[in-house]
Amino acid sequence: MSTPPADFVIRPARDGDLADLIELYHHLNHDPDPEPALAQERFAAILAQPGMTVLIGFADGRAAATVTLIVVPNLTRKGAPYALIENVVTHADHRKRGYAGALIRRAMDQAWNDGCYKVMLLTGSTDPATLRFYERCGFLQNKTGFQIRRA
């Protein structure tokens, strides 16, 4: 896994980052953008949500990659929380530079610091390179995941 350059800066999302995140999410899927008022409302809710952090990595001052970390309170495992990583995306112009790996490592460090006993990540990708990337990040493909989506 490549190491990002020293000038790659990772920080939690904050007010003013919505446009950068929307642009990055264009490189994740081809969903239409939410209406601006709804996007602003949801972004404010994300920023205010305890246990939820959107990390953004900047290269040369531009948003290059992002991940979302959700730490979930728990009553099993002696009350240890668990974490989910979602919305892993790197801008197409910035791929293969180690940015996503650096963001995932930062998210996992935060999860471990928060006392999580595990970090989970799901991907819809079947691309072997993507699956190898997550394995190089330390994830094991040893559980069965299920989902259901609203019709």
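In this predicted model, the largest pocket is lined by 49 residues, and those nearest its centre are Leu-28, Asn-87, Val-88, Val-89 and Tyr-134. The space in this pocket is about 1,700 Å³. Several elements supply at least two residues each to its lining: helices H1 (18–25), H2 (36–48), H3 (99–113) and H4 (128–136), together with strands E2 (52–59) and E4 (82–90). Strand E4 gives the most, with 6 residues. By class, the lining of the largest pocket holds 24 nonpolar, 15 polar and 10 charged residues.

The second largest pocket contains about 830 Å³ of space. It is lined by 26 residues, of which Leu-121, Phe-139, Leu-140, Gln-141 and Lys-143 are the closest to its centre. At least two lining residues come from each of E4, H3, strand E5 (119–121) and H4. The classes in this lining are 14 nonpolar, 7 polar and 5 charged.

Is His-91 buried or exposed? Its relative accessible area is 6%, so His-91 counts as buried, the cut-off being under 20%. Apart from neighbours within four places in sequence, His-91 is in contact with Glu-23, Leu-24, His-27, Arg-62 and Ala-64.

Turning to the fold, the chain has 4 helices and 5 strands, and their order along the sequence is β-α-α-β-β-β-α-β-α. Among contacts with a separation of 6 or more, 64% join residues 24 or more positions apart.

The C-alpha trace spans about 40 × 35 × 35 Å along its principal axes. What radius of gyration does the chain have, and what would a compact globule have? The chain has 16 Å, which agrees with a compact globule because 151 residues in such a globule would give a value near 15 Å.

Of the 151 residues, 36% count as buried. The accessible surface of the chain comes to about 9,900 Å², and carbon and sulfur atoms account for 53% of it.

Technical notes:
Residues numbered from 1 in each chain as written. Predicted model: local features only at pLDDT ≥ 70, side-chain atom pairs only at ≥ 80, totals over all residues. Heavy atoms only, no water. 1 Å grid on protein atoms, 1.4 Å probe; cavity = no way out; pocket = protein on both sides within 12 Å on 5 of 7 lines; lining within 4 Å. Points joined across faces, edges and corners; volume = space filled by probe spheres on them. Nonpolar A, V, L, I, M, F, W, Y, C, P; charged D, E, K, R; others polar. Buried < 20%, exposed > 50% of the residue type's maximum accessible area, 1.4 Å probe, protein only. Contact = heavy atoms within 4.5 Å. Rg over C-alpha atoms; globule rule 2.2 N^0.38 Å. Areas by Shrake-Rupley, 256 points an atom, 1.4 Å probe, with all protein chains shown as cover.
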